[in-house]
Amino acid sequence: MLKIFKILAIACFALCVAFSADGALADAGKFNKQNYPIKSHHDKLGFDCKNCHKQADPKDYKALSADECLSCHKSYDVLAERSGHLGYDDNVHASPHYPKMDCNLCHRSHKPSQNYCVMCHSQDSMKKILVP
């Protein structure tokens, strides 16, 4: 019983520390560039949250779907054309996997992106792919 009380006391203390005086979560829930950094290529265009997230209330923001990304980036064919000059032996946007793959597999808007190709492919050219 004492163990349960200690766990509850620690949980209550953690919640008290996490909440600010006005009852809102301190910093963690703020929708700003510090908590949700915008990728440099979107930042250079002067984008803010509302350029991609169409919900009125930031609390309703969600991860974007491929269709939402393609509303600006056009199509996988256009992406393949635009990324063809990057010098890779394998143009990832001309992949036979598209359009079945979601953009978020590689491109993370507010977190470091990852090279999803190397989860299965081991070619050196695939390992060198930089994902913005």
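A crossing of two helices is called left-handed if the near helix is turned anticlockwise from the far one by less than a right angle. In this predicted model, the crossing of α4 and α5 is left-handed. Helix α4 covers residues 66-73 and helix α5 covers residues 76-83; their axes come within 10 Å and cross at roughly 60°. That angle makes α4 oblique to α5. On the α4 side, the contact is made by A66, L70 and H73. On the α5 side, Y76, V78, L79 and R82 take part. By type, the residues of this contact divide into five nonpolar, one polar and one charged.

The loop between α4 and α5 holds K74. Its phi is positive, about 75°, although K74 is not a glycine. K74 has a relative accessibility of 52% and therefore counts as exposed, since the cut-off for exposed is over 50%.

The cysteines come next. A disulfide is a covalent bond between the sulfur atoms of two cysteines. A search of the whole structure finds zero of them. For C52, the closest cysteine sulfur is that of C72, and the distance of 6.5 Å is too far for a bond, because a disulfide requires the two sulfur atoms to be within 2.5 Å. C52 is partly exposed, with a relative accessible area of 27%.

C103 is likewise in no disulfide. The cysteine sulfur nearest to that of C103 belongs to C69, 4.2 Å away. C103 counts as buried because its relative accessibility is 13%, and buried means under 20%.

How values were computed
Residues numbered from 1 in each chain as written. Predicted model: local features only at pLDDT ≥ 70, side-chain atom pairs only at ≥ 80, totals over all residues. Heavy atoms only, no water. Axes fitted to C-alpha atoms, helices over the stretch in contact; angles between N-to-C directions. Helix = DSSP H or I, 4+ residues; strand = E, 2+ residues; numbered from the N terminus. Parallel < 35°, antiparallel > 145°, perpendicular 65-115°, else oblique. Contact = heavy atoms within 4.5 Å. Nonpolar A, V, L, I, M, F, W, Y, C, P; charged D, E, K, R; others polar. Buried < 20%, exposed > 50% of the residue type's maximum accessible area, 1.4 Å probe, protein only.
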